[in-house]
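The sequence and structure come next.

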Amino acid sequence: MLAGALAGGVLAATLDHPLWSVLIGIAVGAAYSAGLKPTRGTYVDNLMAGGALGVPLWGLVSVIAIPVFSNRMPEWNAEQMRSHFPALVGWVVYGAALGLLVQALNDLAAKVWGLESGPDTSPPQKRIRIVILGGGFAGMRTAECLEHQFRTNPSIALTLVSETNALLFTPMLAEVAGSSLEPSHISTPLRSSLHRTEFVRGSVVEVDLEGRRVFLAGDPADGESNQRREISYDHVVFALGAVSNYLGMANLQKYCFNFKTLLDAIRIRNHVIEMFEKADREPDDKRRRALLTFVVAGGGFAGVELAGALNDYAHGILADYPKLQREELGVVLVHSRDRILPELSESLARYAQQRMAERGVIFRLNTRLTDAQPGRVTLGDGEILAETLVWTAGTAPNPLLKSLALEKDRRGALIVDRALDLPGRPGLWALGDCAAVIDGKTEKPCPPTAQFALREAQTLAKNIRAQIEGRPLVKFHFDSLGALCVVGHQTACAELSVPFARSRSMRFSGLLAWAMWRGIYLAKLPGLERKIRVLMDWTVELFFPRDIVQTIELK
Ligand SMILES: Cc1cc2nc3c(=O)[nH]c(=O)nc-3n(C[C@H](O)[C@H](O)[C@H](O)COP(=O)(O)OP(=O)(O)OC[C@H]3O[C@@H](n4cnc5c(N)ncnc54)[C@H](O)[C@@H]3O)c2cc1C
């Protein structure tokens, strides 16, 4: 706040409202410091991040908010924007000053109060090694919490193994598929986010439970040195997540798109553009319709958000293809139950369906998908001619777990005790989508969501420390904060639990819920730099049409 107030002076010099400038400066400064992960000496990073933050803030405050609060329309035509140029300079200088000041004050605080731990000098052989498998929400947060738990204990060595080198922020994945966000902006590099955890990029292929070793696949590109790598552990944490489950339908696996990883979202976006390009040169009406029909299977959060995003994107880029007609476009959502979004209350789910239907999404409810062929999706009660099918209707815990002689539930998830340890197996832990977690207070199964995975990680890290120090373990308990779902076209549904009365909830819909969705998930997106990049993408999206540049070639 102090940094914000000081930097706010720059704003006051360039905006017409000096008092408001300083107040806004203080508010942004407080939010900036709260989102900053203190790392000593990163002045250049903060200067750049703060300066970049100035651009979306200029758009939101100077171009939109100030005119709106003065009973005028947002001033975003070219001439009005030119008149706001001095304010843009002010915002960028303010952001850069804020970044530098926050960093300087953080460094000062660290020096005065000794907030940062010193370098680790203990001999490696005496260390207890904790190995975390998986760098998703559960694995990454476990590593962060363990770093915190053992910040003054250098005898603990932490290793995180993951197939990908970044944490994927899945709640925003649909926006990547719908071309609202740049793919890398929703991924946070694991290496730079973790401070004393060794990060190993690799694919776990085997776990030797008796020998307490983890084996990673060799890299074929390494030629002769293509050897399996081995990491030994004292404690191992399974945070390997889930994969798509095609319910035994082999053709589905062959012909559909998944929607779980960043590459999936990039592929879907590029495929949609490819379909538009093909449709543009296709003379046959029937075939053109099939090219422009996009089927999404699964009416849960992932499927609904994707259908909404694809529908917006497809309608948004239609202007670039003048030969194609709006009536030829179709986004179809297939769901096996009588209503979408079973995680939300019925009224909100019906609202979501109605708003999406008004925007052109076609719903096939109470319908099961039974097969897929190129250009054809077979349903229990007919078929749809479509060149695109995305599967979000089923997931199963990571298949690697099948090879382990450990107790699993019907879905193949590792059964854990209420403290997230594996029963009768000291040193083995599991959480997130690959574990069957039961809440220690309510005795109800915990849903496979990021919200729960993050809280499980906090309990798990505390319990590892307790086990190492010979103290009793605590049970995991967490009351859901609620659920939010974007259904496209600046519309969302939100059902938030009432604090201290978790059985009750507050419901929001429409533009307000959409603004809440953006605000809440932006706050949750890890890393200040990523937040700024996403904010800039959203600002650009306000002023410019969606991009139709193909970034990968699809065969
Ligand atoms: C499109 C979509 C939208 C979602 N939206 C929300 C939402 O809005 N709110 C919410 O709470 N939840 C949401 N979820 C659910 C949420 O993403 C998951 O519950 C959460 O990611 C689970 O965390 P996890 O760490 O257990 O698994 P994951 O995040 O899947 O992480 C698993 C990690 O393990 C790694 N891995 C896998 N196999 C191996 C191997 N053999 N070797 C090494 N590493 C391996 C993977 O690379 C990955 O890093 C969404 C999911 C999807 C797909």
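## Ligand shell

The ligand is surrounded by 26 residues, of which Ala 138, Thr 170, Val 204, Asn 398 and Asp 433 are the closest; a residue is counted if one of its heavy atoms lies within 4 Å of the ligand. By class, the shell holds eleven nonpolar, 13 polar and two charged residues. Here Ala, Val, Leu, Ile, Met, Phe, Trp, Tyr, Cys and Pro count as nonpolar, Asp, Glu, Lys and Arg as charged, and the others, Gly among them, as polar.

Local features in this predicted model need pLDDT of at least 70 and side-chain atom pairs count only at pLDDT 80 or more, while totals for chains, interfaces and linings use all residues. Residues are numbered from 1 along each chain as its sequence is written, and side-chain values use heavy atoms, with hydrogens and water left out.

## Polar contacts and burial

Polar contacts are pairs of N or O atoms within 3.5 Å. A polar side-chain atom of Asn 398 is 2.9 Å from a ligand nitrogen atom. The protein buries 85% of the 990 Å² that the ligand exposes when taken alone (Shrake-Rupley method, 1.4 Å probe). Helices α6 (137-149) and α14 (450-468) each give two or more residues to the shell; helices are DSSP runs of H or I with at least four residues, and strands are runs of E with at least two, numbered from the N terminus.

## Cavity

One cavity of 30 Å³ or more is counted. A cavity is a set of points on a 1 Å grid over the protein atoms alone where a 1.4 Å probe fits but cannot get out, and lining residues have an atom within 4 Å of a point. Volume is the space filled by probe spheres set on the points, which are joined across faces, edges and corners.

The largest cavity holds about 60 Å³. Its lining includes Gly 308, Arg 355 and His 489, and α12 (301-317) gives the most, with three residues. The lining divides into three nonpolar, five polar and three charged residues.

## Hairpin

Strands β6 (residues 204-208) and β7 (residues 213-216) pair in the antiparallel sense over four bridges; pairing requires at least two bridges found by DSSP. Asp 208 stands opposite Arg 213 in β7. Four residues lie between the strands, and Arg 212 takes a positive phi near 55° in this hairpin.

Technical notes
1 Å grid on protein atoms, 1.4 Å probe; cavity = no way out; pocket = protein on both sides within 12 Å on 5 of 7 lines; lining within 4 Å. Polar contact = N/O pair within 3.5 Å; in protein donor to acceptor, adjacent residues only side chain to side chain.
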